[in-house]
Amino acid sequence: MLRTLILCIVLITALSPKGFTQSYWQQEVNYTIDVSLNDIEHTLDGFVRMKYTNHSPDTLSFIWIHCWPNAYKTDRTAFSDQLLENGRTDFYFSEKERKGYINRLDFRVDGTAARVEDHPRYIDIEKILLPSPLPPGGSILITTPFHEKLPFPFSRGGYTAGAYQMTQWYPKPAVYDKKGWHEMPYLDQGEFYGEFGNYDVHITLPATFVVGATGVLQTAAELEAYKHTGHAPSATATTKTLDYHAENVHDFAWFADKRFHVAYDTLQLPSGKIIDVFSYYTPKAKPDWQHSLHYIKDAIRFRSALIGDYPFPAVSIAAVRIGSGAGMEYPGIAAVSAQLTGRELDHTIEHEIGHNWFYAALATNERRYPWMDEGMNTYYDQRYLAIKYPPGAKKLHANNDWLQKKIPQDPDTVFLNTLIKEKKDQPISTSSEDFASYNYDLIPYDKAAAWMRLLRDSLGKNTFDTAMRSYYEQWSFKHPYPQDFRAIMEGSAHRDLDTLFHLLDKKGSLYPAVHRPLKPSFLFSANQTDKYDYINLSPAVGNNKYDGGMIGLLIHNYNLPPDHFQFFAAPLYATNSHQWNGIGRVSYGWYPDKKFQKIEIALSGEKFSSLSATDSNANNIFGGFYKITPSVRLTLLPSSPRSTLQQWIEWKTFLIGERGPAGYVIKSTDSLNYPNGIGKYAFRYLNQLSYHIEDKRILYPYRATLQLQQADRFYRINFTGNYFFNYSAGGGMEVRLFAAKFGYLGGRSNSLDLTSYEPKLTGVSGSEDYTYSNYFYGRNEFNGFASQQIMDRDGGLKIRVPIFPWLEGRSDNWVSSLDLTTTLPSSIVPSWLPLKAFWDIGTYAGGWQNNALTSRFLYVGGLQLSLFHNMLNFYAPLFYSSDFSSQLKTVPDQNTFWKKLSFSIDIQNFDLRKFVGNIPL
Ligand SMILES: [Zn+2]
């Protein structure tokens, strides 16, 4: 009876919020590490002693240990996989010398050799099986020697060009808390969770190095020299050992460079406590970094006054070449990219310094809840910047006022709103590694900061600031969970904040949609897109051989974030044909967020000339086309936000009118003959159903389209697949597979010529672009350079044999081809020259008939010059089937290099991201 009663009391106490704090516990790991740096081999040798105290109520039989330098050991680690997924191949393809590892580990527990088990998935995690169980309250001493080869700084740590960034460098237990073990592999996207403890670190290295580290330097001569001369003390010995002591930290980082200059000052905190402030930078960085001490002190004053005193006796910033991002925080020290200057440097230093509150002291599980450190930290960055750099005080692009007005003060918000509008965003509470890389840069930072503003506005600024001070006070040097933060906020607000905290788990905007009035803009505007719906106007130009130069007006509403209803129209007056042409499109798209990412219905149209001639009265006359294309496209929802796989299904109907030259006066002496009549549009249609699948992964990306076309009296089925093999030295080989089946509907008709619809092996010319889908300068040219333009369709054999039509591999049955295009080694072609080699081989039904006019297989090989990100390509055939060569030989004027050359204008290869980087469009 009594026992039950006691249990009840314990339960009641544990369930009350106060009880949570009282029952809170955390493990403790105190380290002594001896380490020496070999700056010739770029290795570390060391010995680590960890006193592990079990404050948990559980008996432990094993301990997970992070051996994170092994993340750099092979190209099959979680780190390597994630970099690939995020679009980086530099580590994957790096040479062995640039990789790294940790080995020679020999774990002992209280002197007894411990059995070690590998983690089933991650080579950078080990499990130490304790020789005897560790009871609650018990302590053990875990020791191990270690040898480490430093990687190139692909991520946060490593060695390059005389600079050593020693981060995540020693074996370290994973956190064990109320939710259990938190073993995790090292990742680039996703931060850390460590146990608190004290560190004594003894670093032996060549005497000429200057070192910045977590904690307080205990080596008096070295410390004095840093403070008063800014350099390492002159020494007689070749090496030195520097002793550091740090209390109540959950990680230890150090940065060594012979070129470091040390800037030093002291700073008094609001409580009266005085701390040491150091900045380490190379002479090259001095012009901007000489201000770094000011930036550090401003940041510390600001946060100390608002949240509570800076938590450590010293603070440092080291200028480094950092593998990813602008800066990286460690307790008491942060690495900041040496390249940063001016306001950006100030901002980055302030942000990294800020992590001493939101990471070093409030040690949340950053991997699982990145918003708790990055979001809260970013919120305070914004408050800091609003005071230090009030809006309008300083311009981002000071030299260009015009552009300044177009570009938002805060482009991240525009990108974030775009992702939200397209429903590609993810909840704030998402775990780091589950975020799509574009979301990771925006949601745990900017959206979480916006949520913090919402929280502040809900509580009122004073209550919020007081609540944040209590959060810092109660949870410093602990591991708070979101519920702990919420309990403090609700306690201060004296009310339930369920609605607000629920927003953390939801996608979408934090704010209700507002009506945005239309506003005209010249060219484009990305500024204040939350307030205005821009209609953008600009001059437009166009050009083709028949219409000549065209000038007109482009009007569109392609804004970020995109509207559901989008349009563009470009009426163009042609200076040669003296007529109005143009192109336009209207669409309505929505994002169901279930099954389909996007559904879009659209109507597009265009009208241009595609013929010109001179009539018997020497007047220029023109023929042309119009095209109206209704379409529906269903883009499937990817399996996860990190997926690079896209699929869509599309229905299009092409409604096309074509006419011969208008205004033509027929004379009996004329040889020209236009069967469709003169000046009258002949109408035709074509239905097209397409399925497209594409994986935009950085390694071996592929895409494939299956297309079914139907029009008057025929059908066509087309398959085009592209697969890219990356080379380790950069570049790669594109493999294209094409197959088409053609057939008659309702029987073959002699009165209807379907030749131009039939698939063929050689390059497709303008007159064969039966859906008017490609831009052709001279669509119906049979002579001159314009006639040498081809499009990326059908067999793709890049050789010109228009005067030998039977050599083109055309078929009213089937056609198939394989096209290979490869980049060339930099030893042969300098990397600035975009020259590639191609080899095309194909076969077609006609080649397999008795009395075939050609061999069964036809091939062409040659060189390809690809300009403007593959939007303009020139193809020079150099070797090809004897079928081609034997015929070409008979007409020497067609057999020249220039006559055989073809080119394509592939506007579909235009990808804005290639020009402006990875912005989320
Ligand atoms: Zn940060």
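A residue is described as buried when its relative accessible area is under 20%. In the predicted model examined here, this description applies to 51% of the 921 residues of the protein chain, and both histidine 351 and histidine 355 are among the buried residues.

These two histidines belong to the metal site. The zinc ion is coordinated by the NE2 atoms of His351 and His355 and, through two OE entries, by Glu374, at 2.0 to 2.6 Å. Along the chain, the donors are arranged with the spacing H-x3-H-x18-E. The 4 donor atoms form angles of 54 to 152 degrees, and the site is irregular. Four donors count as tetrahedral only if all angles lie between 85 and 135 degrees. For comparison, the ideal angle for four tetrahedral donors is 109.5 degrees.

The C-alpha trace spans about 110 × 70 × 60 Å along its principal axes. The chain exposes about 41500 Å², of which carbon and sulfur atoms supply 57%. Among the contacts with a separation of 6 or more, 65% are between residues 24 or more positions apart.

The nonpolar interior was examined next. In soluble globular proteins, nonpolar side chains tend to be buried together. The largest nonpolar core of the model contains 159 residues, and those touching the most other members are Trp169, Trp254, Trp451, Leu455, Tyr471, Phe485 and Met489. Helix α13, which covers residues 443-459, contributes the largest share of this core, with 10 residues. A second, separate core comprises 18 residues, including Ala740, Phe838, Tyr880 and Leu888. Within the largest core, tryptophan 451 is one of the residues with the most neighbours among the members. When residues within four places in sequence are left aside, tryptophan 451 is in contact with Trp371, Ile428, Phe485, Leu500, Phe501, Leu503, Leu504 and Leu510.

In general, strands of a sheet pair through backbone hydrogen bonds. Strand β3, spanning residues 60-66, is joined to β12 by 2 bridges, and the two strands run antiparallel. Isoleucine 65 stands opposite proline 173 of β12.

Definitions and conventions: Residues are numbered from 1 along each chain as its sequence is written. This is a predicted model: local features need pLDDT of at least 70, side-chain atom pairs count only at pLDDT 80 or more; totals for chains, interfaces and linings use all residues. Side-chain values use heavy atoms; hydrogens and water are left out. A nonpolar core is a set of buried Ala, Val, Leu, Ile, Met, Phe, Trp, Tyr and Cys residues joined through side-chain atoms within 4.5 Å. Buried means under 20% relative accessible area, exposed over 50%, partly exposed in between (1.4 Å probe, protein chains only). Helices (H or I, at least four residues) and strands (E, at least two) are DSSP runs, numbered from the N terminus. Contact means heavy atoms within 4.5 Å. Donors are N, O and S atoms within 2.8 Å of the metal (3.2 Å for Na, K and Ca); water is not among the atoms, so sites may look incomplete. Four donors count as tetrahedral if all angles lie between 85 and 135 degrees; four count as square planar and six as octahedral if opposite donors are over 155 degrees apart and all others between 65 and 115; anything else is irregular. Accessible areas come from the Shrake-Rupley method with a 1.4 Å probe; for residues, only the protein chains shown count as cover. Two strands pair if DSSP finds at least two bridges between them.
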